[in-house]
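This report goes through selected local features of the structure and then the relation between its chains. The sequence and the structure come first.

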Protein chains: 2
Amino acid sequence: MDKKKAVGRRSVLFNHPPVIIGAGSVAGEKEGQGAFGKYYDMVESDPLFGAQTWEEAESKMQQLAAQVALRKAGLEPKEVRYLVAGDLLGQLIATSFGIMNFNIPMFGVYGACSTMGESLVIGSMLVDGGYGDYVMALTSSHFASAEKQFRYPLAYGNQRPYSATWTVTGSGAVVLASSEARWKRKEVGYVEVRGATTGIITDYGIKDSMNMGACMAPAAADCILNNFKDMGVGPDYYDRIITGDLGTIGQKILVDMMQGYGYDIEKQHFDCGTEIYYNEEQDTNAGGSGCGCSAITLCGFILQKMRKNQWKRVLFVPTGALLSTVSFNEGNSIPGIAHGVMLEAVAGTQTEKEL
Amino acid sequence: MDKKKAVGRRSVLFNHPPVIIGAGSVAGEKEGQGAFGKYYDMVESDPLFGAQTWEEAESKMQQLAAQVALRKAGLEPKEVRYLVAGDLLGQLIATSFGIMNFNIPMFGVYGACSTMGESLVIGSMLVDGGYGDYVMALTSSHFASAEKQFRYPLAYGNQRPYSATWTVTGSGAVVLASSEARWKRKEVGYVEVRGATTGIITDYGIKDSMNMGACMAPAAADCILNNFKDMGVGPDYYDRIITGDLGTIGQKILVDMMQGYGYDIEKQHFDCGTEIYYNEEQDTNAGGSGCGCSAITLCGFILQKMRKNQWKRVLFVPTGALLSTVSFNEGNSIPGIAHGVMLEAVAGTQTEKEL
């Protein structure tokens, strides 16, 4: 084993950091009206995306996001060696039906809303490990398919407590390339995946499915803490530490927990869930959630900020609450998991050009 | 990219083939009475495994299988760098709750009944890629939790057509080690993972959830065909080509399809699903299925045969039918996927010793 790759107990640093050469973000109308609306590649006003069911709508979104990412990367589907993808639905049906026609060798993954992190970590390992020049990481969530799967029928119109989050309708796709692969875009700023910290399942016994932030915050804290320890750094090493979808409640818990561990991350911390909507005006209570939340924020807003060199180092930490109606109805708690991805911007000569 | 690793369109050959240093198989009573009963590490007569719910029972099985594999590998959980694991249940709850207490950094995967293949492929890539000395691949299925999730309540006692398979109650765990890792067992025969062929999603439009073999056979044929092409070999290269859980119907379709592609695999082909039960006596119709089917057959029977050098080269092809009640009830077909793992036995000096 190349000892340099494994760092500490939970992290890796890549010998040949994979480069993000294309990213696609597709969002619903409500997301388009949110804080990052102008950063998404596509905003679709039809919540069904022209399909007959919510699940098919989500599949369509994945298809669109993948197509945008491939176009930006200048690749045909057959040039992509592996697809690492998943979603929130049982048996990952949004993914299976969404990406079938690309005929890309496929690894289905599930990490609840941390899936963008999990797929980026595995995808980067496959690229840096030498198994493929191009690998795609892809995920999605859809408000309506998620409510159907996890909560109440939409028509029931149930009330939502202030701690509840709103599942983001969106899909994000990232094409990772090996540093040695043919890649023509070095004139513009680009983003590398430098390393990763893999999550463990963390369970503080929270049983409130309307307060997912509280379920996930301990997993985020554990992941960030272990990244600091393994890398021998503190919050100042990063320009931003970006969690997936803790929302306003989970964000507070995370900052408090990190304080307890001796780290003040308030200056660097940014939560996609808290920021993706205008919560008061859009009636989204504690914020956004779902795999799509961190995925479209990464593929839209975050990568643009990094490519313009406004942020150089970002620790991207998608967070997942392992909620299932079956285990939940049987009285179980909702454990969490979070995966950390160390992103670093490399300045180009034409920093203003669009990727 | 180390060009030697990527072979053809869909396969890899490992530079430093990971070694299987421990395997654990836990089975239910019906499986214990089947053809490979004496090969399992544990057969439990209580279908609830001492738990209160079917889902918890499945979690317990995963825990037991992991413990057996760790014991045989001579490792503590904290020495395992990654766990690549999943199951059939929505949001992988059998896995989340089963392995939580091991505190191993975790990648959740879903490939329906092909999950043992997917987890072995990703796990081997992580070991060969240099990200960890020890990685565990783990999966399970449980007859009762699967029937509850996918079909009818057990108490309803519905009739089963001849094409239906019986979901195996069982869990299999494999510990993979890098060839350079501390490893004390070279005196006995051992099994290496030499390479892999990753599956694509294959859909021939089959909509019969009581004939999963037909849904999966095209995926198996595609995977085996691509392995042959990429490696430049034919069926004779392998002592056995072992599919996951096609059952008697799917097996026939696979052999026919391969014949159509110009390959006669009948001599080498062996299907875990067809063989795991005494189908007539045990009333299991077309055979066994579920993630546990190929997992316990690998961890019990197949690895023993290989370690005793009765089979040297095995292409292990777990097969998955991406069935979801949601997509199924919406009128969709059941696509399939299959992942191929190239196993090779290395003879030891004490071939009779138990691993």
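Predicted model: local features only at pLDDT ≥ 70, side-chain atom pairs only at ≥ 80, totals over all residues.

B:Asn332 sits in the loop that runs between helix H11 (325-329) and strand E16 (336-338) of chain B.

What does B:Asn332 contact, leaving aside its neighbours within four places in sequence? Its contacts are A:Glu56 and A:Phe97 in chain A, together with B:Lys207 and B:Ser327 in chain B.

## Relation of the chains

Chain B is superposed on chain A by a rotation of 180 degrees with 0.0 Å of shift along the axis, at an RMSD of 0.0 Å. This is the relation of a two-fold axis. Both copies use the same surface, in that 100% of the contact residues of chain B recur in chain A.

## Strand E5 of chain B

Strand E5 (residues 82-87) of chain B is mostly covered, with 6 of its 6 residues buried.

Which strands pair with E5(B)? One is strand E7 (residues 134-141) of chain B, which runs parallel to E5(B) and is joined to it by 6 bridges; within E7(B), B:Ser140 is the bridge partner of B:Asp87. Another is strand E6 (residues 106-108) of chain B, paired with E5(B) in the parallel sense over 3 bridges. In E6(B), B:Phe107 is the bridge partner of B:Val84. Between E5(B) and E6(B) the chain passes through helix H3 (residues 93-99) of chain B, and this β-α-β crossover is right-handed.

Helix H7 (residues 247-260) of chain B has 14 residues, which at 1.5 Å a residue should span 20 Å; the end C-alpha atoms are 20 Å apart, in agreement. The buried residues of H7(B) are B:Gly247, B:Gly250, B:Gln251, B:Leu254, B:Val255, B:Met257 and B:Met258. Because they cover an arc of only 165 degrees around the axis, they lie on the same side of H7(B). B:Lys252, B:Asp256 and B:Gly260 are exposed on the other side.

The cover over the buried residues of H7(B) includes helix H6 (212-231), strand E11 (240-243), strand E12 (269-271) and helix H8 (272-276) of chain B. After H7(B) comes B:Gly262, with a positive phi near 95 degrees.

Helix H2 (residues 54-73) of chain B has 20 residues, and its first and last C-alpha atoms are 29 Å apart, close to the 28 Å expected at 1.5 Å a residue. H2(B) is followed by B:Gly74, whose phi is also positive, near 70 degrees.

## A:Cys291

Leaving aside neighbours within four places in sequence, A:Cys291 is in contact with A:Asp87, A:Leu88, A:Ala112, A:Cys113, A:Thr115, A:Thr139, A:Ser140 and A:Ser141. A:Tyr110 is 181 residues from A:Cys291 in sequence, while the C-alpha atoms of the two are 10.0 Å apart in space.

Terms used. Residues numbered from 1 in each chain as written. Chains lettered and ligands numbered in written order. Heavy atoms only, no water. Contact = heavy atoms within 4.5 Å. Helix = DSSP H or I, 4+ residues; strand = E, 2+ residues; numbered from the N terminus. Expected span 1.5 Å × (residues − 1). Buried < 20%, exposed > 50% of the residue type's maximum accessible area, 1.4 Å probe, protein only. Arc of directions from axis to C-beta. Pairing = 2+ DSSP bridges. Right-handed = clockwise from strand over helix to strand, strands pointing away. Least-squares fit on C-alpha atoms with pLDDT ≥ 70 in both.
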